[in-house]
Amino acid sequence: MASMLRCCSASGCRSAGGEALQQALVEARSRAGAGDGAPVIKAVGCLRLCSRGPLVAVDGPAGSVLYGEVPSARAAELLEACAAPPRAAAARRALASHALDLRHPFFALQEPVVLETCGLIDPESIDDAMAHGAYSTLHRCQAELTPAQVREQVRLSGLRGRGGAGYPTGLKWDTVALQPPGPRWLVANADEGDPGAFMDRAVLEGDPHRLIEGMAIAAWAVGADQGLIYVRAEYPLAIARLRRALAEVQARGQLGSLRLRVRVGAGAYVCGEETALLASIQGRRGNPRPRPPYPAQLGLWGAPTLINNVETLAAIPAILRRGAADYAALGTAGSRGTKVFSLSGAVRHTGLVEVPMGTSLRTIVVTMGGGVPGGEGADGGVKAVQTGGPSGGCIPAALLDTPVDYEGLRALGSMMGSGGMVVIDQATGMLELARYFMRFSVAESCGKCVPCRAGTVQLLQLLDRFCDQRASPADLAQLHDLCAMVKATSLCGLGQCAPNPVLSTLRHFHQEVVSALAVAPGGAP
Amino acid sequence: MSVLTLWVDGAAVAVPAGASLLEASRAANVEVPTLCHLDGLAPVGACRLCLVEVDLPGDGSPTRLVPACSTAAGEGLVVRTATVQLQRFRRMAVELLFAEGNHVCAFCVANGACELQDAAVAVGMDHSRFPFQYPRRHVDASHPHFVIDHHRCILCTRCVRVCDEIEGAHVWDVANRGSHCQIIAGLDQPWGTVEACTSCGKCVDVCPTGALAHNDDTTAEKRAARERPALLRSARERQRWHNQGGPP
Amino acid sequence: MVVPVRLSAAPKPLARPVLYSGFHPGAAMEQAKPSFPEASIPEHRHADALIEVLHQVQQQRGYLPAEALAQVARDLALPLSRVHGVATFYHLFALQPPTSHCCSVCLGTACFVKGAGVLVAALEQRLGLRFGARSPQRRDAEGSDGDAWSLREESCLGACAQAPVLRVDGQLVLGLPVSDPSRLAACFGALALPDRAAEAA
Ligand SMILES: Cc1cc2nc3c(=O)[nH]c(=O)nc-3n(C[C@H](O)[C@H](O)[C@H](O)COP(=O)(O)O)c2cc1C
Ligand code: SF4
Ligand code: SF4
Ligand code: SF4
Ligand code: FES
Ligand code: FES
Ligand code: FES
């Protein structure tokens, strides 16, 4: 194998100096005389441990090593590290302080399925993607299986939607496929508005062809001949790479008659909600509408429309290549396969982890993530773990052994959400955090329905009183009542889930809530 | 036409397929409070006052709350319209509406002819437990015949829909989002300067509150005609005229 | 079981698809790299192109002036209020001209936990601006606003692993040292943020 330097070119590392480093490597190589044996320098997708960016993986005869936080000045040494063992050894010793241990649980416990080739391939080269197997599963499906058989595989794999709600993907595909004859649409939901989540970004920036292949398989399985990818405008690099990938794959004729296009959002979290997404694609305000009818029955321009999350679709090629049973062997009974989490917040190792469903929070946050920097004890100084973003809740350190799957998290009053996992340390007050999320919901409410538009404003003001120690027991009762009302009566998931961070705080951190009540009886109204 | 049978508050009713749960409730002589919905306009399910509890037949899935105005009746559904919980939620929704705007009924053109007041009575609300927000809003009296007082607007979007669906002028829309939402005319300009307005008055006819009124109306003089969209729609779409009054 | 919906609840059937042809964002736009090329694909039905076209106009003009919104409405044959309603719904559309410099702080969860609040307070002080505000407009004869700044919120930029995150004139700055005021000030200095607090003193 030719020796190779894989430079992370995803936006995390790029802003940490990855571009400059890659440039320096290219220059150093040409200075050294780029002969036949010169190492290949390849821009790749996220290499997982984003906090140590810019990351470079060195593959040479002396094995693979991952380096982090490498200044551009060390480019020559990185090149040396690709050489044959005697020369490489010296360079590798010199770079030792930048080396990251690939046997560390952060890397060792990962189970890459969705991110299989993210970090290996050049996201801007279809040839490289195809050399790693892109589109071969699509062609195999089309040659060897019927659409119904593909749907059956997806059903048997137990895959559930990774966008948050966890609806069984195979069932959704069947619903769309079995609608009366006529046109159908396919939409990939790449709106990833959940603050603290960047899994979909990693797929879009690191392996766009996997998403496109997943979409092509989905489109074929449900009979759609047009598709859209709705990407949030905050991800310019993802948009550029996706457009490029689409242009390349369409130029190669890999997609047959399927037409895929990119649509760019304009900054609205609620547009991740599927009916708001449809409205936005059709040039309207992103107001959700009551369901039923579900988009699978009545979607874009009145046609049945399959909407899936990016990660859901990106899992499809691997499922069909490995076989449903193989995929279903990963994970738990109710939640099969793997899930990508973006680990961030007060944790030593932040970045992307893909692990089998059912992995415990402790494994992810303490073993892999290393706990809070400077944190001690079995819980690594962790106070709580926030999952599910503004729709989810905080799980206290005492429950770190909870296996992470859809039901497990829901039972604790949180949600899987899209996969954002933010570690909270002792310095963060839980009421402050609840208020932070409520502020988010107030800002992102579309304003269509009363409980969410007016109710979240009142909830925020109630939380203000708690955070300022002005709250009375009557405020606490009202907080409970209003949370229940907003949750039960809001039109869409945003309003229905907006009280969750408050409810989980009331449930798991009751002590903090009680001690926030005003000292004087009754408090000032 | 096929007929569906379902239960509303214990009574069996039969309705034509395609009827809404609201229509089914009416058929059962059950009053479900509504605010954003108006017969003749497309339902939007925004105010959440008409939420009812539904058990889906047979499948054992948990009870769901659905808006009666925008949910179709289904065969064998069991609908409850007035559980204790629903009444609590409805009351809170009305309280939230009162706290959200600036509603001083004593000085309002619509006093006595206001659906928000009616809703407050229907849900048994005498005061709002939520602090009033006192938003800073404005009055636009630039139109030669009508006036809009945003303080009293509950964002039901009836005006938007009637002007779009029935009059076809689409003068109104909603601007901004969340609690900053506001009804706007044209490019958020004075109503009187919007060329598209035909001065037909339909928006004033349907507004549930005193937000839209004739500009010579004073306190408690609001003239509303909230049945008009349904009559116009029936005339236009089914060629049936029910708005001809009695013999001269 | 799925509850069927009655017909009137369904979105209105679309009028016969009208080919998108009207809006020409001007010669300048055509020379500039068109970054939302889909809008010129003819199969775009008129109303559906609205957001795409607004992106184009904003790209070209820097913001969405009222006369441009009116032009878009005419070209796409849409009601004015509909265009205004859409333009004000989305956070990324600006109806006011941008300041020549902009500093925005990510207020995503990871950044919040890692001290975005401290960062905001430090920036407010440094720029002499309240969060969400912009320096007063002092346009000179050439229409330049000198070095007016605005301090804004930004939604999660997906760089959560290196929180807290700041964006100065489009450039991402990661992992700001919020716990160390002097290093933070040095960072601001390196980014050429004006020190209004010092100027005032
Ligand atoms: C307020 C709100 C925001 C959402 N945001 C997203 C999002 O950013 N990305 C996403 O894939 N799904 C999001 N969803 C979930 C989608 O509505 C939808 O369930 C999902 O795209 C379906 O795909 P899946 O079955 O593959 O999960 C959101 C839902 C709600 C209620
Ligand atoms: S719950 Fe909130 S976001 Fe959803 S429709 Fe209602 S107001 Fe809009
Ligand atoms: S008067 Fe008629 S045309 Fe004018 S805004 Fe009202 S409904 Fe629309
Ligand atoms: S002006 Fe009247 S009809 Fe229009 S949204 Fe406000 S309350 Fe409803
Ligand atoms: S962005 Fe480079 S490692 Fe994640
Ligand atoms: S009347 Fe049904 S939601 Fe308003
Ligand atoms: S939370 Fe700030 S970049 Fe994601």
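I began with a pair of helices from two chains: helix H18 (residues 450–467) of chain A and helix H2 (residues 84–100) of chain B pack at an angle of about 65°, and their axes are 10 Å apart. For my own record, the axes are lines fitted to C-alpha atoms, for helices over the stretch in contact, and the angles run from 0 to 180 degrees between N-to-C directions. Helices (H or I, at least four residues) and strands (E, at least two) are DSSP runs numbered from the N terminus. H18(A) and H2(B) are therefore roughly perpendicular to each other, given that angles under 35 degrees count as roughly parallel, over 145 as roughly antiparallel, 65 to 115 as roughly perpendicular and the rest as oblique. I noted the crossing of H18(A) past H2(B) as left-handed, a term that applies if the near helix is turned anticlockwise from the far one by less than a right angle, with right-handed used if clockwise.

I then listed the residues that meet, with contact meaning heavy atoms within 4.5 Å. From H18(A) these are Val450(A), Pro451(A), Arg453(A), Ala454(A), Gly455(A) and Gln458(A), and from H2(B) they are Ala93(B), Leu96(B), Leu97(B), Ala99(B) and Glu100(B). The contact of H18(A) with H2(B) divides into seven nonpolar, two polar and two charged residues; in this scheme Ala, Val, Leu, Ile, Met, Phe, Trp, Tyr, Cys and Pro count as nonpolar, Asp, Glu, Lys and Arg as charged, and the others, Gly among them, as polar.

**Conventions**

I keep in mind that this is a predicted model, in which local features need pLDDT of at least 70 and side-chain atom pairs count only at pLDDT 80 or more, while totals for chains, interfaces and linings use all residues. Residues are numbered from 1 along each chain as its sequence is written, chains are lettered from A and ligands numbered from 1 in the order in which they are written, and side-chain values use heavy atoms, with hydrogens and water left out.

**A helix pair within chain C**

I looked next at helix H6 (residues 116–127) and helix H7 (residues 181–190) of chain C, whose axes come within 12 Å and cross at roughly 55°. H6(C) and H7(C) are therefore oblique to each other, and H6(C) passes H7(C) in a right-handed crossing. Leu119(C), Ala122(C), Leu123(C) and Arg126(C) of H6(C) meet Leu184(C), Ala185(C), Phe188(C) and Gly189(C) of H7(C). I counted six nonpolar, one polar and one charged residues in the contact of H6(C) with H7(C).

**Ligand shells**

For the ligands I took a residue as near if one of its heavy atoms lies within 4 Å. Around ligand 2 I found 13 residues, the closest being Cys446(A), Cys449(A), Cys452(A), Cys492(A) and Gly495(A), and by class the shell of ligand 2 has eight nonpolar, four polar and one charged residues.

Ligand 3 is surrounded by 14 residues, with Cys163(B), Cys197(B), Cys200(B), Gly201(B) and Cys203(B) the closest. The elements giving two or more residues to the shell around ligand 3 are helix H4 (158–167) and helix H5 (202–206) of chain B. I recorded nine nonpolar, three polar and two charged residues in the shell around ligand 3.

Ligand 4 has 13 residues around it, of which Cys153(B), Cys156(B), Thr157(B), Cys159(B) and Cys207(B) are the closest, and the shell of ligand 4 comprises 10 nonpolar, two polar and one charged residues.

**Domains**

The domain bounds I used come from an automatic or database domain assignment. Chain A is given domain 1 (4–102), domain 2 (126–328), domain 3 (338–428) and domain 4 (432–515). I read 34 Å between the C-alpha centres of domain 1 and domain 2 of chain A, and nine residues of domain 1 of chain A are in contact with nine residues of domain 2 of chain A.

Chain B is divided into domain 1 (3–82) and domain 2 (89–238), and the C-alpha centres of these domains of chain B lie 25 Å apart. Their contact takes 19 residues from domain 1 of chain B and 22 residues from domain 2 of chain B.

**Backbone details in chain A**

I checked the peptide bond from Gly53(A) to Pro54(A), which is cis, with omega near 0°; Pro54(A) sits in the loop between strand E2 (40–44) and strand E3 (56–60) of chain A.
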